[in-house]
Amino acid sequence: MAFVQFSQVSLAFGDRDILKNVSVNLMTGTKAALTGANGAGKSTLIKVMAGLVNPDSGSRICQKETRIAYLPQSGLTHHGCTLKQEADRAFDFGYEIQKEIDKIGDQLKAGTGNTDALLIKQSELISKLEESGWHRREATAESVLLGLGFSHEDLNRQTEEFSGGWQMRIALAKSLMQNPDILLLDEPTNYLDIEARAWLETFLQNYKGAFLLVSHDRYFLDVTVNEVYELFGGDLKRYKGNFSHYEQIREVELKTLIAEYEKQTDEIEKLQDFIRRFGVQATKAAQAQERQKQLDKILAQRIEIPESLKKIHFKFPPAPHAGNLVLRTKGLSKTYDGQKNVIDNLDLTVENGEMLVVAGCNGAGKSTLLRMLAGVDSVSSGEIILGSGVKIGYFSQDNAETIKGSESILDYIESQAPTELVPKVRDMLGSFLFRGDDVFKSLNVLSGGEKSRIALLKLLLSPNNLLILDEPTNHLDMHSKDVLMNALKDFGGTVIFVSHDRGFIEGLATKVLELKPGQHREFPGDYVYYQERILAEQQGTVTYGENSKNTKEEPVSQATVASAGKLSWEEQKRLEAEKRKAEKEIARIEQEIASLEEKKGELEAKMSLPEVYSNGAKAKEVQTKIDEFNKKIESLNIDWEKAMEAAEGIL
């Protein structure tokens, strides 16, 4: 059994302990995730495991001939050959074994050396080569490359023609093709779309060797790993089960830790206050010195809570009022070459409060559609009709290009934030991975990913009622995704988005628009429902009519019972969507009533002022406004009762 074992490994950078007496054993069958806050040292630990970084102390034991493949987060490029030729380099280990086999064959032919020993060695090498899958390398390479999103035409393209994201896909493909004993993957999903992620999930589920991976995709981790290692303050702790199970256990542990942290912080403040107040008094000097000793002892064992573990929640500025119809397209088409339509004759209606995810493989036109809806890209034919009062906020990775200047991140975001959110800016920046002194960085020195996060936060601070978001979770860690998703759930408007993070999609989407080259379909349900319908099609239990080009999913079942079951589930999802919509309307009315009540209270307070009640004209003016507010509140109360009755009658 292949394995790599680490015992009491420690590593420090300056005065900071990255790893403190870490022990871990990776062996055949291990399916593990490595997690921890940003900057905790996850990438460093993986490099130590790969043998690329030497620890300060401890031991690393690797079984003889154990093959390890390591994939970094970024930075790998390929050039000078075709994709097919580059893929073949993943099998260099097999060519080396074949050379040894041929060398032994030459020795046997020449009659040199110990024949029996040479035959045994040759047999071992032949078995090793066969087990590695080397003889099936061409089929393996093609299967992996196609699974990760490359096309047959790509196989003969020069590798330097591929962009940075596709360069990392090549590197990932080579790691998988090697069929190593141990796979070390640092953020392998960073550059993968949802189809490629699904393929990688299946690959890892069936993988016979061991793997340890880092990822910010909760769904991906849940379906691939059965144990989690957390790096926290230099210590490594193992948790059995998938990632969601780890989070449940860790939440309980963190509650205890945070309670101890708060208790310790309170004690530190009390000691510091006593020392500050009485340290200079002769009568209290001895007591102050004793308190100082207590303080020094506590500070030496101070509990630290990483920013990423502090729960942050924020709400968008109130969405401006919009009508029920937010957006409609009629015969919308887009072509870039004048011949083939990327988007073809799309009729789409988006209603207030919907969370529409646009799904489809690479090249289906998802980003193109979002750009057109946002008014960033031109329309070839057809029209886009916006509802009354709709105000669009659009985000894409290109937004990062507009973030520039010498001012600090903190100053920039504070200048963009509504007055009521300024006190929360530091927390919001922390939730988008700008923590500590990072907030004082100049905009001009930020990386592309950092600027993208700033652009996203800037958009979320604007009072929009239709958000169009193209890959908003890129460059965010799991905690930041949760903050964003919760804020979007509380958002009072409408969202149209594209994402490759399945957990994010499942947590947010209430409706799915599927794009295929020149085709499209709507699915009136969440993403889980969409996946079930697609699976049913593939299994042949549900088929669709001929008009697959522009349909709102009207299924024709091949089995009456199956059809009835599917349709009842569809009806249930429709009712749930209606109830969510009704609940949002109730919340909107309640918020409006509260606002009017507050304004009415301010007017009633004015009536008690001498300069008002002693002036007949002013008093009459104020009373008239109060009466107007009373009428509006009465009308809203009637609307609230109707909305409550409607919500109760849905389910």
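## Exercises on a helix pair, a hairpin and model confidence

In α3, Gly 94, Ile 97, Gln 98, Glu 100, Ile 101, Ile 104, Gly 105, Gln 107 and Leu 108 meet Thr 115, Leu 118, Leu 119, Lys 121, Gln 122, Leu 125, Ile 126, Lys 128 and Leu 129 of α4 (contact means heavy atoms within 4.5 Å). By class, this contact holds nine nonpolar, six polar and three charged residues, with Gly counted as polar and Asp, Glu, Lys and Arg as charged. The model is predicted, so local features need pLDDT of at least 70 and side-chain atom pairs 80 or more, while totals for chains, interfaces and linings use all residues. Residues are numbered from 1 along each chain as its sequence is written, and side-chain values use heavy atoms, without hydrogens and water.

**Exercise 1.** Determine how the axes of α3 and α4 are arranged.

*Solution.* First, the axes of α3 (residues 92–110) and α4 (residues 115–131) come within 10 Å and cross at roughly 155° (angles run from 0 to 180 degrees between N-to-C directions). Next, that angle makes α3 roughly antiparallel to α4, the term for angles over 145 degrees.

**Exercise 2.** Describe how β1 and β2 are joined.

*Solution.* First, β1 (residues 3–13) and β2 (residues 16–27) run antiparallel and share eight bridges (pairing requires at least two DSSP bridges). Then, Leu 11 has Leu 19 in β2 as its bridge partner. Finally, two residues separate the strands of this hairpin, and Gly 14 in the turn has a positive phi of about 65°.

**Exercise 3.** State the average pLDDT of the chain.

*Solution.* The chain averages 84, and 91% of the residues score at least 70, on a confidence scale from 0 to 100.

Definitions and conventions:
Helices (H or I, at least four residues) and strands (E, at least two) are DSSP runs, numbered from the N terminus. Angles under 35 degrees count as roughly parallel, over 145 as roughly antiparallel, 65 to 115 as roughly perpendicular and the rest as oblique. pLDDT is the predictor's confidence in each residue, from 0 to 100.
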